[in-house]
Amino acid sequence: MFFLTGSVKTGGILFNSISGETSGTLAGFILLLPYALGRLCGPISSILLNFFSYRVLGTFGGFLVGLGYILIGLFANTTVLLIVFSLISGIGFACLLLPVAVCMKDHFREDFASVMPLSMMGSFAGMIAVPPFMELCHVAYGDDGTFILFGALCLHLIPCGLLLRKPRFIVSANNDKLNESDDEHETIELLHNLDNGDENNQNVDTRWMQRLKTGIKKYYLLLISPVFVLFFIVSNTRKLPADGWTLFLIPHTIEIGFTSSEAAQTASIGGLAGMFGRVIASLSFKCQISPILVITFYYFINGVVFIIKEVFSSFQGSLALQFITSAINACFLSAQSGMIAGLLTYIVEPDNYKDAFGLLDFGNGILALMAGITPGYILDHTGHLNRAFILFGVISILNGTLMVVLWTLLHFKRKRSN
């Protein structure tokens with residue numbers, strides 16, 4: 001998560017130079033493409049987990065993330081190559097995000113909703129550390145050098161992927177199942193397998209097809225559930241303000257008259273507040289109030305702060321007020337993001353969690369791309385990002401309203417089941 005959010009913040013630093021060569025819309029699309037593709041491929045990653053371990057998928061993903069950014073710095077002298085190499089890093093993120101989440105759920109079955117937000121604090125550590133460092137790299141080495149150095153840092157995801165594994169109690173349970181049959185039965189089965197090699201290959205193919213069909217069926221059942229669909233909409237539309245704020249905070253701060261160094265400081269303060277937001281997200285599952293109502297409050301707070309900051313001109317000229325509003329937005333955007341994985345356990349059955357998370361990732365990817373394209377489009381046609389941040393506020397308030405509807409549906413569903 002450190003490098004995932006760091007990639008978006010690096011894009012914020014490079015946005016002005018890239019948009020000067022193309023357009024705001026295309027620059028926003030390209031810079032959020034790796035992050036977005038990492039989410040878009042969630043359903044594919046979910047299916048791949050039926051065939052490959054967390055470790056294999058995560059290690060391969062870490063290699064692709066670093067490779068893509070390094071190739072951008074070395075060879076991406078055209079927009080097409082920039083997009084192609086961004087796709088490589090995006091596929092790498094896709095191989096990492098879902099295995100990490102499912103691995104966490106396996107290790108912390110009882111306290112997953114509270115532990116997951118804390119594990120994601122690295123995303124905001126990346127927001128603190130990456131902007132100042134990448135700003136220095138950009139001054140010293142330009143766009144290409146910044147991409148190469150960031151890609152080299154991302155290669156540290158390879159040893160991170162090697163650390164992913166199933167918990168021992170799950171491995172032991174699987175081994176017990178394999179050892180249930182006696183030695184004589186195993187010997188007879190082994191001899192039978194040696195005599196029927198072709199038939200065994202067909203059985204393997206059949207098992208792969210059965211797993212694939214089961215995964216597709218689970219997706220279908222989730223998509224016809226009104227509660228899941230509403231949660232899908234709310235948890236994904238939040239990406240427009242969240243990722244839009246992450247990418248465009250630095251360009252917007254520069255736009256209203258502050259230096260690039262002050263803009264990077266604003267982003268770093270937001271990162272520090274975001275880490276606190278993860279703690280709030282974890283504690284939100286421990287209070288007596290429904291977590292769905294708690295996250296509703298966070299949506300409304302964010303919406304109001306987004307709008308007030310852009311409507312009242314007194315906020316535009318004060319660096320201190322920029323720091324404060326950045327901290328508030330980061331804190332509650334972080335709390336929202338940290339609660340989604342835990343809230344999903346309230347929405348779907350445990351057996352469907354992996355597939356539901358994959359679908360959420362797919363929706364996140366689409367809205368992440370929109371978070372790059374929409375503000376870029378507004379910038380191209382109005383000359384500034386003010387209206388984009390007002391849009392972020394309106395969306396946050398609408399999401400809070402939809403969360404109230406979701407809580408009502410779940411309340412009636414529980415009453416009916418009881």
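1. Asparagine 364 touches Arg39, Ser235, Asn236, Arg238 and Lys239, leaving aside residues up to four places away in sequence; contact here means heavy atoms within 4.5 Å. This asparagine lies in helix α17 (residues 353-382). Asparagine 364 is buried, at a relative accessible area of 6%, where buried means under 20% relative accessible area, exposed over 50% and partly exposed in between (1.4 Å probe, protein chains only).

2. The model is predicted: local features need pLDDT of at least 70, side-chain atom pairs count only at pLDDT 80 or more, and totals for chains, interfaces and linings use all residues. Residues are numbered from 1 along each chain as its sequence is written, and side-chain values use heavy atoms, with hydrogens and water left out.

3. The chain contains 18 helices and 0 strands, assigned as DSSP runs numbered from the N terminus (helices: H or I, at least four residues; strands: E, at least two). Of its 418 residues, 51% count as buried. Of the contacts between residues at least 6 apart in sequence, 84% join residues at least 24 apart.

4. The largest nonpolar core has 92 residues, of which Phe228, Phe231, Leu344, Ile347 and Met403 touch the most other members. Helix α16 (residues 319-347) supplies the largest share of this core, 12 residues. Such a core is a set of buried Ala, Val, Leu, Ile, Met, Phe, Trp, Tyr and Cys residues joined through side-chain atoms within 4.5 Å.

5. Phenylalanine 231 touches Ile340, Leu343, Leu344, Ile347, Leu360, Met403 and Leu406, again not counting residues up to four places away in sequence.
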